[in-house]
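Biologist: I'd like to go through this model with you, one feature at a time. Can we start with how the helices pack?

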Amino acid sequence: MSVLVGLIVMLGMLVVVPVGLRLLDEPQPATLRLLRRVWPLLALPGAVALWLPRSPLAVALASVYALATLALALHAPVRLALTRSLAPAEIAALTALVTPAVAGLALVAERGGYELFGFELGILALTVPHFHFAGFAAALVAGLVCRTAERRGTRFAALSVPLGTLLVLLGYFVDDWAELAGALVLTAGMWAVALATWRELRAGAPDPVTRSLLATSAAVLVATMLLALSWALGEATGLPHPSLTWMAATHGLGNALGFALCSLLAWRRLAPARTAAPARTPVAVPAHRTELPA
């Protein structure tokens with residue numbers, strides 16, 4: 001399992017985050033654009049640390065990546081100050097900026113052999129991919145879907161994906177039932193993303209390749225989130241459920257390749273059309289915007 005998890009994490013570090021940052025809507029301060037350009041250089045030490053024995057060297061390399069994720073998280077309050085908006089799509093974007101820092105912290109602790117907050121090293125190792133994909137990628141895509149096809153269902157997705165991610169994180173500290181509640185909320189949000197992707201974005205995609213990528217990401221989400229629910233339910237109730245190794249090989253790999261990678265590639269192909277038609281971006285509609293007080 002460690003080899004598979006390491007490959008999935010490398011995909012998140014070196015591909016998903018930098019590609020996703022290029023899809024993040026404005027505003028993007030100059031410091032964020034700089035961080036986006038140098039991200040592969042900062043992520044590479046973290047990727048190397050995955051394959052080293054637990055040691056001070058592995059911790060040092062992982063810390064470089066953790067500092068990069070912290071710098072990314074610090075752009076969340078900057079973005080909030082610039083937009084002064086708590087619209088659903090903005091909440092999703094803020095979540096995408098913050099969640100890699102959870103992965104970075106878990107990586108440093110796991111590479112040092114330190115059971116952070118009492119969590120076993122295996123759980124910390126799985127936390128790293130979880131907050132790259134169920135955190136960063138899921139929140140980013142939910143926000144993009146909401147901006148592009150804003151309606152009640154997509155606003156629900158843009159809110160419930162961040163909320164579900166937060167509840168899953170809190171569930172780590174409370175109990176398995178709290179984690180199950182988070183899994184239910186996160187699954188509902190991801191299925192809302194899948195439905196909007198299939199019914200609206202796929203149907204309106206400009207070419208067969210983009211339609212295929214969107215269709216794949218939507219279909220994969222249905223299956224992988226069912227697996228997540230079955231695992232969380234089993235942990236809470238004691239019912240038979242997949243092992244962590246099986247979850248990594250199915251849920252983890254499916255979300256990484258079938259959902260995150262396919263979604264980001266599709267959105268890269270859709271980016272020129274989104275830029276050329278700003279009037280279709282629903283976040284600019286005042287009726288759906290929640291302004292912060294001056």
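Modeller: The axes of α3 and α4 come within 4 Å and cross at roughly 15°. That makes α3 roughly parallel to α4, since angles under 35 degrees count as roughly parallel, over 145 as roughly antiparallel, 65 to 115 as roughly perpendicular and the rest as oblique. Axes are lines fitted to C-alpha atoms, for helices over the stretch in contact, and the angles run from 0 to 180 degrees between N-to-C directions.

Biologist: Which residues of α3 and α4 meet?

Modeller: A71, L72 and A73 in α3 meet H75, A76 and P77 in α4. Contact here means heavy atoms within 4.5 Å. Helices are DSSP runs (H or I, at least four residues), numbered from the N terminus.

Biologist: What is that contact of α3 with α4 like by class?

Modeller: Five nonpolar residues, one polar and no charged ones. Ala, Val, Leu, Ile, Met, Phe, Trp, Tyr, Cys and Pro count as nonpolar, Asp, Glu, Lys and Arg as charged, and the others, Gly among them, as polar.

Biologist: Before going on, what are the ground rules?

Modeller: This is a predicted model, with local features needing pLDDT of at least 70 and side-chain atom pairs counting only at pLDDT 80 or more, while totals for chains, interfaces and linings use all residues. Residues are numbered from 1 along each chain as its sequence is written, and side-chain values use heavy atoms, with hydrogens and water left out.

Biologist: Fine. How many aromatic pairs are there?

Modeller: Four aromatic pairs, where rings of Phe, Tyr and Trp (its six-membered ring) pair if their centres lie within 6.5 Å; planes under 30 degrees apart count as stacked, over 60 as edge-to-face and the rest as tilted. The rings of W39 and Y65 have centres 5.7 Å apart and planes at 80°, so that pair is edge-to-face. It links distant parts of the chain, with W39 in helix α2 and Y65 in helix α3 (residues 56–73), 26 residues apart.

Biologist: Is W39 buried or exposed? And Y65, buried or exposed?

Modeller: W39 is buried, with a relative accessible area of 0%, and Y65 is buried at 0% as well. Buried means under 20% relative accessible area, exposed over 50%, partly exposed in between (1.4 Å probe, protein chains only).

Another edge-to-face pair is F117 with F173, at 5.4 Å centre to centre and 75° between the planes. F117 lies in the loop between α5 and α6 and F173 in helix α7 (residues 152–173), so the pair ties together parts that are 56 residues apart in sequence.

Biologist: Which residues share an aromatic cluster with F117?

Modeller: F119, Y172 and F173 form one cluster with F117. F117 counts as exposed at 58% relative accessibility, while F173 is partly exposed at 47%.

Biologist: What about the backbone of F117?

Modeller: Its phi is near 55°, a positive value in a residue other than glycine. R84 also has a positive phi, about 50°, and is not a glycine. R84 is found in the loop between α4 (75–83) and α5 (88–111).

Biologist: Where is the cis peptide bond?

Modeller: It joins E26 and P27, with omega about 10°. P27 is in the loop between α1 (2–23) and α2 (30–49).

Biologist: Last one: what does T127 touch?

Modeller: V102, A103, A106 and Y172, not counting residues up to four places away in sequence. T127 is in helix α6 (residues 121–148) and counts as buried at 6% relative accessibility.

Note on methods
Helices (H or I, at least four residues) and strands (E, at least two) are DSSP runs, numbered from the N terminus.
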